[in-house]
Amino acid sequence: MSSTSSPPAAPASPGAADGGAVAARADRATKVYGKGDTEVRALDDVSVDFARARFTVIMGPSGSGKSTLMHCVAGLDTLTGGRVLIGDTDLTTLDDKRLTVLRRDKIGFVFQAFNLVPTLTALENVTLPMALAGREPDRAWLDTVVDTVHLRDRLAHRPSELSGGQQQRVAVARALASRPEIVFADEPTGNLDSRSGAEILGFMRRAVDELGQTIVMVTHDPVAAAYGDRVVFLADGRIVDDLADPTADAVLDRMKTLEA
Amino acid sequence: MLRIALKGLLARKLRLFTTSIAVLLGVAFMSGTLVLTDTMGRTFDRLFADATAGTDAAVRGKAVISSDFAIDRDRVPASVVETVRRTPGVKAAEGFVAGYAQVVGKDGKAVGNPGMGAPTFGRNWPTVAALNPFRLAEGTAPASNEDVVLDRYTAKEAGAGVGDPLTVLTERGPVRVRVSGIATFGDADGTGGATNVMFTSAAAQRWVAAPGAFDQVGAVAEDGVSQEELRERLAARVPGNAEVITGKALTEENQSTIRKSLRFFNTFLFTFAVVALLVGSFIIYNTFSIIVAQRGREMALMRAVGASRRQVLGAVLVEAVAVGVLASVLGMLAGVAVAAGLKALLAGFGIDIPAGGIVFSAKTAILSLVTGVGVSVVSALFPARRASKVPPIAAMRDLAVESTGIRRRTIVAGLFTAAGVAVLMVGLFGDAGAGAVGLGAVLVFFGVAGLGPVFARPVAGLIGAPLPRLRGMAGTLARENSMRNPKRTASTAAALMIGVGLVAFITIFAASAKQSIDESIDRAFTGDFVVDSGSFGFGGLSPTLAADLARLPEVEAVTGYRIGQAEVEGATKFLAAVDPRTVERIVDLDVRQGSLDDLDATSVAVEAETARTKGLAIGDPVRMTFARTGDRTMTVRAIFERADIGGQYLLPISAYEANFATQFDARVFVAKSDDVSAADARAAVERVTGPYPNAKLQDQTQFKEAQAAQINQLLALIYVLLFLAVFIALLGIANTLALSIFERTRELGLLRAVGMTRAQLRTTVRWESVIIALFGTFLGLVIGLFFGWALVRSLQNEGFTSFVVPPGQLLTVVVVAALAGIVAAIGPGRRAAGLDVLRAIASD
């Protein structure tokens, strides 16, 4: 994917908000697929903190373990060894039911594709996690989120009546609407044209800056990565680099060295 | 292309199997029906071959009238035996008696149930060994008129041994005898469920037939005289009202008669097999429609790389053939087990027909295969054609194959429904008969199934309306899912519609029948007690019972109620006979013209409506033909209004006695004296009926209950048989849900990722299933209501005076359907809940 949009200005004072508190943490996380000769170490003793109210980007070549790391931290996959914490909760101690409830109440998701339930309206999709919990959404907050992603006039539409960019905005709104501890985004712009992609990234940036949201995003696009406060580089299941206040060029340079 | 199709098939073994089951069960039922009726047929073939093995020729009365139910013949005089014996070429001859006689067991109960099951015979013990299919196993042949031989089966059922005293119920009343011997029928204990008590010839004539008469005379030919020669010689000598038949022809006639009556079972059971296959065909259609929709891209790709339309069509049909072959072969084999199950089921409902060994004929195999494969292929043809029409360009874009031509389809379905209703009405109210009714019903089912998609969305939405409030987001999603693909929801529901439609129809029909009978009894029966034999053809109550009751001081009036067949003005009719002097004190006939007092052995009373249509007035002649006496001209002496008990033509018992060979009361109606309490009268009546264990004493309420119980029993049997159709429909719902879940893998993965618990997901699947089931039930109830109404109205003149819709029972149907929907969702729900979230959301 090529990008024509320019990266935004870096945030005013990175690392200052919330005094550097940690929203999520992987502690010596190890994930092994298969056994014996076919054994693959997707994560190899990875320890990393994700700071609160920060936009952290995970990058790395294909097969580096970046998606696995995100899935494990987000409670979608389980570790072979080590721990994952969301806030003070150790995910490795939770059963499926508790893990599901944790995802519902504490985590927001934006995926690359198929982010919405086709039978529900945009608004119903946005409030889905709360509806599943049987909770009423916070009206004021919902309004804020809906306005942030410019969705007010599309709320009654079904996904099939929305463009790809609009669908992804609904997904972002859903991820934010329940005020989760942390939002995970897995290549959220992967299926979008560059303009829509830039729009989505802009909303996510604003969510961090204006709403104090914590976001972790996996991408392989240096331009998208430049929207973050910090980029963590993975290769062969290990963290190989860590870059604060990234620019697209800086990220591209690091990527080149990693792939070389 | 074939190899690709087969490869794809093996990759989806589980689906191949679950789809096959829908047809498999129908084929198994059909195969089971065939195996059972073939087995029964062979059992009877052997029985009759053995029974007449030594007979070279038989002399009997000519059949004057015959109907589907029975052939009535007059007896031949005993002198015929001498005539036959003296005919050159006859080695031996003997007269035979066979008629109703029922043994009373040690427990005081009558053995056997001739009203419902196998007959209970009284016979004479043949003295000519060649003419006797029985062999004495213990004791001796009857030496005196107080001696009887029982076959071993009857002896066991009665708990009687050689030397034991025994009571036998006969036309002349209960008879006390002694068991002198026990016999086998060839090597068998008995004659396949029928009971046999064998007297001396004189005693048999006295109790079972008539003194000086035999039912048949059997002859054995001398060596060198063929059966045909013997028949010709005898025919020249016997009286004019007798006929001669060869032993071979007699055996064949007996075999074909029983086969004809077995055909009723065959048709009855076959109907349910057809229903099951019909339901199965909906499921095949639906499954293939979904598969084709899901594989639209794959097929477009095939087309894009050069596969022809025919090849794509062929690839889908290969799968249908595979489903059909698998289903037919397994179903055919399962039929053997089904046959045993059906036999046990019928026996459980009192219909015990002997069937020994297993007859699996080539006909069964061929019919099963052809039907199974045929149903599968024909049902898959429409989806396959749709698949072949996928344009190659569809490979390049997302498509929904399943969205074309809903308007044309609706018009065609509407025409089907209208045609079905029309044919059904002609069948019911015109002369087109049962075939038209069946065809009309099938057309209506197809038509309504085709119309289903039109109202699937609104009705499913309505049914699911309370769900969001009851089950929150899980309920909302269930409702939305049931509405998202109206065609799929409709055709899945259609399978259940058939079973529910028939259940609702039969429920309404039975309720109307019960109500009509109740009202009829209320209207017409003004007496106090009914003594019922439970039999309407073979045997019944000895007239001595009515005579004994009439002598009771506690009783004011008694009449026997006899039933017989005769040809009236060219058409075979059932006639009733009563005592004209007493009947009006017990039964309200509402005589409008003439008087019952004028009835004698040559006259008849006619129901008013019949008299009007036939233009009959008092004093007019009515031509009647009786089996025993041939043509008789009867004079109309009374015209009555109420057909409830009297029927169309009512004879005085004197006329019945003059024209029928056997004299049994099917029932005896009793009115007590006014100055006696009901309890005292009952006690008195009970003392008289005591020695007749085949008599059931009922007051009016019990009489009604007994009638209702008979209907309920048949109803229960039909419910059990219809359960199969409902069960197959449930498999269909489960199959559709499973395919839908497969299709929605990523959507479900997303839901799980954003916090839907497994329990919530199961709830969603469960309620989607319930909505589909209730939608099918709704369609079924509408159809059943219509069918029930149409049939009841068409039988208005046959005594169906009320149309009753029993709300409680129909509500039960709805509840059961909802529960069934829950059960159908268990498997798919578990599968959905077990989805690996990561794999579900992993893009491409």
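**Exercise 1. Describe how helix α6 (residues 164–177) of chain A packs against helix α7 (residues 194–211) of chain A.**

Step 1. The two helices pack at an angle of about 20 degrees, with their axes 9 Å apart. Axes are lines fitted to C-alpha atoms, for helices over the stretch in contact; angles run from 0 to 180 degrees between N-to-C directions. Helices are DSSP runs (H or I, at least four residues), numbered from the N terminus.

Step 2. That angle makes α6(A) roughly parallel to α7(A). Angles under 35 degrees count as roughly parallel, over 145 as roughly antiparallel, 65 to 115 as roughly perpendicular and the rest as oblique.

Step 3. The crossing of α6(A) and α7(A) is right-handed (the near helix is turned clockwise from the far one by less than a right angle).

Step 4. From α6(A), A:G164, A:G165, A:Q168, A:R169, A:V172 and A:L176 meet residues of α7(A), including A:I200, A:F203 and A:M204. Contact requires C-beta atoms, placed from the backbone, within 7 Å.

This is a predicted model: local features need pLDDT of at least 70, side-chain atom pairs count only at pLDDT 80 or more, and totals for chains, interfaces and linings use all residues. Residues are numbered from 1 along each chain as its sequence is written, while chains are lettered from A and ligands numbered from 1 in the order in which they are written.

**Exercise 2. Describe the packing of helix α20 (residues 700–743) of chain B with helix α23 (residues 807–824) of chain B.**

Step 1. Their axes come within 9 Å and cross at roughly 45 degrees.

Step 2. α20(B) and α23(B) are therefore oblique to each other.

Step 3. The crossing of α20(B) and α23(B) is right-handed.

Step 4. B:V726, B:L730, B:I733 and B:A734 in α20(B) meet B:A820, B:G821, B:V823 and B:A824 in α23(B).

**Exercise 3. How many residues does each chain bring to the contact of chain B with chain A?**

Step 1. Chain B brings 22 residues and chain A brings 25 residues.

Step 2. On the side of chain B, α13 (467–484), α21 (745–753), α22 (758–794) and α25 (837–841) each supply at least two residues.

Methods
Two residues are in contact if their C-beta atoms, placed from the backbone, lie within 7 Å.
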